[in-house]
Amino acid sequence: MSESPYEIIIGLEVHVQLATQTKLFCRCSTKYGAPPNTQTCPVCLAMPGTLPVMNRHAFELAMQTACALNLEIPRFTKWDRKNYYYPDLPKGYQISQYDLPMSQNGYLLISDPKGQFEPRKVRIIRAHLEEDAGKSMHDEAAGKADSRIDLNRTGTPLLEIVSEPDMRSPLEAKAYLTELKLILEYLGVSDCNMQEGSLRVDANVNLHLQTPEGKVATPIVEIKNMNSFRAVERAIAYEAERQYEVWQETKQKIGDVPKQTRGWDDQAQVTRGQRHKEESSDYRYFPEPDLAPVTTTEAEVAAVAASLCELPRQLRERLESQYKIPAYDADVIVNQGKKTVDYYESLAKLGGDGKLASNWVQQEVLRIQKERGIEIEAFPITAERLAGLVKAVAGKEIDGTRAKDVFAEMLDSGKTAADVMKEMGIEKVDDSELENLCRELLEANPKVVSDLKEGTLKAVGVLIGQAKKKNPNIDPGTFRQMCIDLATKM
Amino acid sequence: MSLIHASAAQLLTQLESGEITSVELTKACLAQIDAADKEVGAFLKVMTDSALEQAESVDARRKKGEKLGRLAGIPVAIKDLLCTKGEVTTCASKMLENFVPPYDATVITKLKAADAVLIGKTNMDEFAMGGSTENSALGKTRNPWNLKCVPGGSSGGAAACLAASMAPLSIGTDTGGSIRQPASFCGVVGLKPTYGVVSRYGLIAFASSLDQIGPMARSAEDTAILLEAIAGYDAKDSTSANVKTPAYSQSVKQPLKGLRLGVVKEHFGEGLDSEVEASVREAINVYKSLGATVTDVSLPHSKYGIAVYYIIAPSEASSNLARFDGAHYGHRCDEAKMLEQLAKERAALEASGDEKLLGGLDTSLVRMYRQSRAEGFGPEVKRRIMLGTYTLSAGYYDAYYLKALKVRRLIRQDYDAAFKNVDLVIGPTAPTPSFEAGTKTDDPLAMYLGDLYTVTANLAGIGGISLPCGFSKSGMPIGIQLQGPPLAEERLLQAAHMYQTATDWHERRPELS
């Protein structure tokens with residue numbers, strides 16, 4: 001990592017569409033996918049004379065998010081107008097928040113269970129509420145220059161979460177976004193559907209380089225239009241290389257040229273310069289005179305903070321300590337979402353073995369989910385039913401390999417583990433029976449006995465194979481240990 | 001007294017007793033409009049058919065003994081910036097010449113609920129910007145007292161239709177004095193309520209933090225009746241005041257004992273016409289004779305009122321009027337011609353090889369906005385949009401807009417201090433009586449000074465009322481203004497009524513052909 005000739009400086013702006021039923025300043029539906037302009041009213045169409053009225057629920061969802069991101073929520077926040085002309089902006093301004101956002105000064109802790117980067121505290125400058133614009137659809141086919149505007153999305157509540165430029169690699173940026181998305185999903189404040197635009201990311205990227213004259217920074221570039229975390233990762237990596245090349249050529253430093261906006265072309269896997277909007281330099285912000293400022297009491301904020309569900313970070317820590325599973329396991333399970341965590345917890349409690357339950361979830365459950373493209377809710381074996389199998393494995397009634405056969409049989413049959421095991425003739429081998437089998441095989445294989453006595457423990461492998469042929473129900477682990485114990489006493 | 005000159009209060013009694021019908025009354029008003037409005041030009045649109053239908057329906061329901069609204073059968077004129085469902089609402093601008101709102105402003109809803117008869121839409125300065133109604137892009141309004149003179153503005157049509165007896169009640173809006181100044185010029189009563197008392201929903205905004213809808217009538221009592229019908233909290237306007245509406249029409253006649261009036265020192269300085277001053281002083285004496293105590297009060301920051309207003313109002317206007325861009329609302333330029341012109345410019349620049357100018361050439365979208373707005377807005381609106389755009393720009397915001405906000409607060413504090421010692425403040429409504437049309441149109445700053453005494457009430461968010469208090473030698477009405485603390489509309493109306501019981505200025509009518 002340190003061989004890189006530059007350090008990448010990354011700050012992210014994330015627009016989150018809040019999961020309200022209705023828009024931020026009117027009562028139109030926010031449902032996605034309706035025919036164009038069917039979810040509009042005089043207010044969101046900016047009919048002359050109409051006035052906005054704030055949706056309190058949107059503000060509450062924003063407060064929940066702010067609490068989860070350790071942001072301070074001031075007692076007083078106001079609305080501002082951001083003025084610019086665009087066909088998808090009906091009022092000619094967007095109602096947003098400028099100098100007194102509804103929350104500021106927070107942070108998000110990110111880490112990588114694989115240890116690819118040091119744990120990091122990414123500071124969050126602010127999170128503020130604003131309304132979304134509409135959607136322009138440009139039909140340039142067949143020489144037509146028609147542009148159509150769909151204003152269904154106009155006025156949808158967005159929370160813009162702005163980080164400090166605290167990330168140093170595309171991997172860290174991805175980890176930040178992943179953790180952020182997970183928090184939003186746990187809170188239920190957004191569906192985070194990136195395809196539908198519920199979560200949109202802009203990245204501000206530049207480089208710090210060591211030169212003989214000291215450290216220099218390249219001009220900041222804002223990359224827009226990224227619709228997946230993979231795109232974010234790749235766009236940043238691409239942009240870093242591009243900026244390095246440009247720097248070598250031009251030696252342009254930050255401040256030499258205005259901040260540039262580039263778009264990510266996912267097909268070509270490159271960033272491309274975007275035309276500057278002529279008004280981008282000056283939005284003429286001023287306080288929105290049509291909306292009263294929003295005040296919150298300390299008690300209200302405290303109530304919101306207290307009402308938050310267990311967040312991913314706390315959850316990982318609890319799973320680790322409560323079920324004695326490694327950090328990696330906890331991470332995988334928690335990252336699957338709340339429903340998977342619930343499934344896991346039931347499985348671990350009923351199955352009586354946290355680590356085994358974790359293995360089953362990570363390996364078999366997730367594998368089937370992936371194969372079938374289903375959510376955990378649709379997984380055919382309930383946690384209760386799977387717990388029967390975990391219990392059998394934990395109690396050494398069945399070995400791992402055969403347990404997988406049982407699992408496969410349980411999957412679509414609705415049968416319990418006990419039933420399947422009975423059908424397959426699987427039952428726990430009695431200790432004395434196992435000892436007899438062990439003695440029998442050891443006596444028949446003196447070479448193995450001498451190997452074992454000399455400490456060549458892998459020699460026992462041959463016996464396990466033979467034993468399984470005689471009795472498929474034996475537990476290989478127990479059998480192995482027993483053979484070793486007996487051989488050394490012989 | 002003939003129907004058209006009668007007060008709304010009288011007319012309501014006559015309607016209730018069955019002495020007259022709403023159809024008779026409405027027809028009388030329509031006849032007066034027919035006779036006089038060619039010269040006065042108060043209306044942009046007379047809603048003859050729907051008004052008569054409404055009048056008939058009220059009469060029929062009254063006959064059946066149904067319970068009717070507070071204004072049942074009374075014609076009311078509407079300033080043409082209140083959205084009226086299915087009726088063209090123009091703001092006297094080419095921009096909105098064909099705009100038909102699909103919804104009613106809250107005030108319209110309330111008037112309809114009160115069974116008022118909406119008789120027509122009155123002329124105004126374009127987007128309520130102006131002090132003489134000479135900025136209307138759609139028609140000329142003249143002062144019924146002298147057709148050479150202006151009716152004041154921006155609610156010029158709203159005031160003129162009352163003076164010319166075309167309607168007993170009229171709705172105006174006041175951003176810097178636009179109800180009170182034309183009321184003063186036309187010899188009628190106009191009240192700008194405390195900000196938030198009347199819902200702004202459906203009022204096509206000029207400057208949101210200053211705009212307020214208010215009642216205009218020929219007497220304080222009628223003004224109270226109309227205010228009662230249109231005031232009240234509205235969930236659709238989050239700046240609306242969540243207070244109970246007093247029964248203004250009941251309390252207006254209660255005399256105010258021990259009324260303490262404060263004479264605003266700053267309103268009697270430079271720029272005040274001597275005839276206006278004399279009339280206002282005389283009106284103050286009338287109040288003294290009625291038992292009011294009169295003291296001097298000072299509003300030291302009022303001298304900055306005009307300056308502050310002409311920063312805040314254009315700033316908000318520049319933003320409020322952005323939606324009139326030809327893409328969403330308003331006039332759109334002829335695109336084919338526009339594109340042709342743009343192509344010509346491009347070709348010329350390409351030929352000249354001037355890369356820089358070529359790079360700065362409009363995109364077709366920007367040119368469409370630019371040209372549509374250039375064609376759709378009149379000069380005063382453009383002037384204010386440019387002022388507002390400038391004062392909000394990065395680098396100027398702190399020096400102008402932010403500074404103006406601070407002074408605005410000081411102006412409010414002046415009032416708060418004054419109202420610790422007096423119940424109401426009193427002074428002239430406008431520095432001069434009405435003037436001849438065309439005399440100030442080339443001097444916008446002179447025109448702006450017409451709001452000198454009214455604008456501070458808007459900046460402070462308080463209420464003010466103008467009532468007739470005399471005439472100039474040339475026969476033009478003069479108005480006196482009373483201003484009160486926030487939500488003191490009851491007191492303002494009572495004080496106005498008290499004056500009108502002792503004087504008859506409000507009963508005079510101009511002679512029209």
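This is a predicted model: local features need pLDDT of at least 70, side-chain atom pairs count only at pLDDT 80 or more; totals for chains, interfaces and linings use all residues.

Modeller: Residues are numbered from 1 along each chain as its sequence is written, chains are lettered from A and ligands numbered from 1 in the order in which they are written, and side-chain values use heavy atoms, with hydrogens and water left out.

Biologist: How many residues of chain A are in contact with chain B?

Modeller: Contact here means heavy atoms within 4.5 Å. On the side of chain B 39 residues take part, and on the side of chain A the number is 32.

Biologist: What area is buried between chain A and chain B?

Modeller: Buried area is the accessible area (1.4 Å probe) that two parts lose on being put together, summed over both. Carbon and sulfur atoms give 58% of the area buried between these chains, which is about 2,800 Å².

Biologist: Which residues in chain A lose the most area to chain B?

Modeller: Together they account for 24% of what the chain A side buries. They are Pro48(A), Tyr85(A) and Arg284(A).

Biologist: Which residue of chain B forms a salt bridge with Asp290(A)?

Modeller: A salt bridge is a side-chain nitrogen of Lys or Arg within 4 Å of a carboxyl oxygen of Asp or Glu, and the count between chain A and chain B is 1. The closest N and O atoms are 3.0 Å apart, and the partner of Asp290(A) is Arg200(B).

Biologist: Is Asn225(A) buried or exposed?

Modeller: Asn225(A) has a positive phi of about 65° although it is not a glycine, whereas most residues other than glycine have a negative phi. Buried means under 20% relative accessible area, exposed over 50%, and partly exposed in between (1.4 Å probe, protein chains only). Because its relative accessibility is 57%, Asn225(A) counts as exposed.

Biologist: Which residue does a cis peptide bond join to Gly153(B)?

Modeller: Most peptide bonds are trans. In this cis bond omega is about 0°, and the residue joined to Gly153(B) is Ser154(B).

Biologist: Where in chain B is Ser154(B) found?

Modeller: Helices (H or I, at least four residues) and strands (E, at least two) are DSSP runs, numbered from the N terminus. Ser154(B) is found in the loop between strand 3 (117-122) and helix 5 (156-163) of chain B.
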